[in-house]
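Start by viewing the structure, then follow the pairs in turn.

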Amino acid sequence: MLISVYVPLAVTAVLTVLAPWLSRRLAPRPAAWALACVALVTTVGWTGSLALLAFTGVAQIPQVAAEGRWSVPVLRAEDPVHLTVAVVSALILLAGAVSLVFAAVRQADHLLRARRECARVPGDSQLVVIDDDTPQAFALPGAPGRVVVSRGMLRCLDNKEREALLAHERAHLRSRHHLFQTMWRLTAAVNPMLRPLANAGGFALERWADEEAAAHVGSRRVVARAVGRAALASSSRVSSTPALAATGGAVPQRVRALLAPPPPRRALPIAGGSLLLALCCAGLANAASDSDQMVDDAQRAQCAAPFTHAGAPRRDGSHHKPNVCRRHHMPAEREEHHG
């Protein structure tokens, strides 16, 4: 457990550093899915490692040891984790749980407001054109979702660019990109180290929608022009950008990627990331197994303690009665019976 319990934490740090690089080297769709898998697996590994480290401190509390019926001295002898590390891990785990609750409430409120906006918008078509001179276009997730675009935005673009813009927003709704964003925000709430990964994921989603728009209109240059013009029109008139908007993300990098050839499919980064995630899972499983074995040893020692003094006479002349621990001696009894 001394080494394996820290493996998920180290893997999380490495993949967080590599996340921006992955989002730009991979094709956007596999990049988004890869970052989603990284966020989920590393969050489980991060939480599990902190929980195991925190348990080593909590388990040494006499009241907890009495409930668990294990020996505190044996636990301390077998556990190399310093008590300070256990306390810090418990505090980080508690802070992550509180942050997750607040983030979940915010995300639920955001999705509910988006659904209410969808229901409030007149008409039943997916496209909604609002009479507003402010250039804006964004996707509202709902059941079903809506693409909202202002007349001010439509006036900034020609016919082909409008088609590209609408294809971009429809791609967000069709692929349910808001679910990716929700997952990244929740995992980043549990583990603040994943915030760069969440940002890289947002960029991958915008590039994913860009590529689908380019496939729809048949021209990457048209989509690049639409993205650039929409961003320029919005930057001087809108103070904030909706989450799923054609003007979101790092616009210069998106335009540069659209003006370049389509990104090739690369298997090596996916394979390397998969190996790191497998290492994360293996480290957590090994640490959990070692922790379980450590507790079993401490319980056996606690159960065996009465036998040491079983024959010792009391002051009144009687003898201690052995306190048989059925959990640990039952397998041996069964073996003797079968023998």
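D109 forms a salt bridge with R113, and their closest N and O atoms are 3.0 Å apart. A salt bridge here is a side-chain nitrogen of Lys or Arg within 4 Å of a carboxyl oxygen of Asp or Glu. Side chains of opposite charge can pair when their charged atoms come close.

Both D109 and R113 sit in helix 5 (residues 83–120). They are four residues apart, about one turn of the helix. Helices are DSSP runs (H or I, at least four residues), numbered from the N terminus. D109 is partly exposed, at 37% relative accessibility. R113 is partly exposed too, at 42%. The cut-offs are these: buried is under 20% relative accessible area, exposed is over 50%, and partly exposed is in between (1.4 Å probe, protein chains only).

## How the model was read

This is a predicted model, where local features need pLDDT of at least 70, side-chain atom pairs count only at pLDDT 80 or more, and totals for chains, interfaces and linings use all residues. Residues are numbered from 1 along each chain as its sequence is written, and side-chain values use heavy atoms, leaving out hydrogens and water.

The structure holds 11 salt bridges. One of them joins E161 and R229, with the closest N and O atoms 3.0 Å apart. This pair links distant parts of the chain. E161 is in helix 7 (residues 159–174), R229 is in helix 10 (residues 220–235), and they are 68 residues apart. Buried or exposed? E161 is buried, with a relative accessible area of 0%. R229 is partly exposed, at 39%.

R254 and D210 also meet in a salt bridge, at 2.8 Å from N to O. R254 lies in helix 11 (residues 251–259) and D210 in helix 9 (residues 195–217), so the pair ties together parts 44 residues apart in sequence. R254 and D210 are both buried. Elsewhere, salt bridges that share partners join E161, R225 and R229 into one network.

## Cysteines without a bond

How many disulfides does a search of the whole structure find? The search finds zero. A disulfide is a pair of cysteine sulfur atoms within 2.5 Å. Take C280: its closest cysteine sulfur is in C281, 5.4 Å away, which is too far for a bond. C280 is buried, with a relative accessible area of 1%. C156 is partly exposed, at 31%.

Technical notes
Helices (H or I, at least four residues) and strands (E, at least two) are DSSP runs, numbered from the N terminus.
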